[in-house]
Every structure is written in C-alpha cells, then in structure tokens.
Amino acid sequence: MTCRTLVAAVLGAATAAVLALPAVANASPDTQTLTVTREKGHVLACTGTGYGVDVVVDLYDNDVFGTHAAVSVRTPGDEYVRGGETGAGLFDRGRIRREFVLDSETSGTAQTVVVSGAYVRSGSPKRVHEVYDEPFGQVVTKGWNYPLRAGVTVRTMGQQVELTCGEAFAYRLTTWRPDSTAE
C-alpha cells in the first residue's frame with residue numbers, strides 16, 4: 001500500500017466517523033453569528049441622609065441601550081420612588097442636573113426631586129473583561145472603566161441632601177453577543 005493510498009484510507013475513515021456522530025442542536029461558538037456593539041456611558045450610585053430623609057439615586061446611561069434612573073426618597077411616614085427609562089442627558093460634560101417626579105408608595109402623593117452635581121475622572125482606567133451566559137449563548141465584554149469622583153445633591157421637600165457616591169465610573173466597552181435571530 002502506498003503512502004497516498006494509506007492517507008486516503010485514513011481520511012475516508014475519519015470522515016465517515018465524523019459523519020456518523022449525532023448532530024448537535026446548538027451551533028458551536030466558532031460558527032455562531034455574533035452581534036458586536038460598541039458602548040459608552042456612565043454609572044453613578046449614590047446615597048444620603050439628612051433632615052429625616054433617606055435618598056438613593058442610581059443613574060445609568062448607555063449610548064446604545066438607553067438611559068435609566070432609579071430614585072428613592074424615604075421619610076418616616078412615606079416612601080417616594082421613580083425607576084425606569086428616562087430621556088437622555090443625565091450626564092453632560094461633567095454636570096448632572098435632572099428633575100424627577102416620584103410617586104408615593106403609600107399615600108398616593110408625589111414629590112419633585114432635583115438631582116444635581118458634578119463629576120470628573122479620578123484615578124487610572126480599569127480594564128474590563130467579563131464573560132457571562134445569556135439565553136442564546138455566551139457574551140464577552142471587553143473595554144475600560146474610568147473611575148469618577150462625583151459631588152451630588154438632591155433637593156426635595158424643601159431640603160437639600162448631600163449624597164455619597166460609591167460606584168461611579170464612565171465606560172467604553174465592546175460586547176460580543178450571540179445573534180438570537182440567526183438560525
């Protein structure tokens with residue numbers, strides 16, 4: 001048997017063995033269609049207490065997926081909340097200023113809250129590399145977080161409450177997601 005005949009026989013047997021394997025229901029990551037997004041935005045999470053009022057403010061903006069705000073004001077007798085999507089413009093070149101109307105959890109009344117302040121980059125950028133699963137497959141995110149130092153206050157019920165911001169950063173990310181519409 002020549003070398004060429006031996007290689008052909010081995011390749012033929014290998015091909016037959018692979019074709020005999022059961023079909024896999026999900027596409028492999030190597031052949032799966034991916035959607036790539038380049039995202040940038042800000043995250044700010046702050047809390048504060050003053051004048052018998054507890055305040056929690058979470059602000060998030062993403063140039064691809066939208067802007068969200070969650071604001072809570074708790075008094076000894078009531079809690080006012082507002083959460084969900086909001087119009088763009090929470091973060092504007094180092095400034096924050098937005099008015100929200102919060103609805104009461106118990107009394108059915110509403111309160112106006114003005115969130116205002118400033119932010120600047122603070123510290124070295126931090127590399128981001130996250131891998132997690134979603135229903136259609138594995139998601140990979142890479143990029144940078146840029147720490148922010150923020151001074152934020154809330155004006156509500158005739159009082160101004162200073163907030164302390166724990167999580168505060170700007171980000172630039174590239175995300176690879178499995179395309180849920182690909183077949």
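Modeller: Let's begin with the largest nonpolar core, which has 27 residues. Leu44, Leu59 and Val115 have the most contacts inside it. Please keep in mind that this is a predicted model.

Biologist: Which strands supply at least two residues each of this core?

Modeller: They are S1, S2, S3 (66-74), S5 (95-104), S6, S8 and S9. Strand S9 gives the most to this core, with 5 residues.

Biologist: Why is Tyr80 called buried?

Modeller: Buried means under 20% relative accessible area. Tyr80 has 8%, so it is buried. You will find Tyr80 in strand S4. Leaving aside neighbours within four places in sequence, its contacts include Val71, Val73, Leu102, Ser107, Ala110 and Met157.

Biologist: How far is the C-alpha atom of Tyr80 from that of Gly108?

Modeller: The two C-alpha atoms are separated by 9.3 Å, while the residues are 28 apart along the chain.

Biologist: Is Arg93 buried or exposed, and how do you know?

Modeller: Exposed means over 50%. Arg93 has a relative accessibility of 78%, so it counts as exposed. Arg93 lies in the loop between strand S4 (79-86) and S5.

Biologist: What makes the backbone of Arg93 worth a look?

Modeller: Most residues other than glycine have a negative phi. Arg93 is not a glycine, yet has a positive phi of about 45 degrees. Met157 is another non-glycine residue with a positive phi, of about 50 degrees.

Biologist: Where does Met157 lie, and why is Met157 called partly exposed?

Modeller: Met157 lies in the loop between S8 and S9. Met157 has a relative accessible area of 32%, so it is partly exposed.

Biologist: How do you know that S8 and S9 pair?

Modeller: Two strands pair if at least two bridges are found between them. Here 13 bridges join S8 to S9, which run antiparallel. In one of these bridges, Thr153 has Glu162 in S9 as its partner. The two strands form a hairpin with 2 residues between them.

Biologist: Which sense do S6 and S8 pair in, and over how many bridges?

Modeller: They pair in the antiparallel sense over 8 bridges. The partner of Ala118 in S8 is Gly151. Strand S7 (residues 126-134) is also joined to S8, by 9 bridges, and runs antiparallel to it. There, His129 stands opposite Lys142 in S8.

Biologist: What lines the second largest pocket?

Modeller: The lining has 14 residues, and Lys40, Gly41, His42, Ala170 and Tyr171 lie nearest the centre of the pocket. The lining divides into 5 nonpolar, 4 polar and 5 charged residues. The volume of this pocket is about 220 Å³.

Conventions: Residues numbered from 1 in each chain as written. Predicted model: local features only at pLDDT ≥ 70, side-chain atom pairs only at ≥ 80, totals over all residues. Heavy atoms only, no water. 1 Å grid on protein atoms, 1.4 Å probe; cavity = no way out; pocket = protein on both sides within 12 Å on 5 of 7 lines; lining within 4 Å. Points joined across faces, edges and corners; volume = space filled by probe spheres on them. Nonpolar A, V, L, I, M, F, W, Y, C, P; charged D, E, K, R; others polar. Helix = DSSP H or I, 4+ residues; strand = E, 2+ residues; numbered from the N terminus. Core = buried A, V, L, I, M, F, W, Y, C linked by side-chain atoms within 4.5 Å. Buried < 20%, exposed > 50% of the residue type's maximum accessible area, 1.4 Å probe, protein only. Contact = heavy atoms within 4.5 Å.
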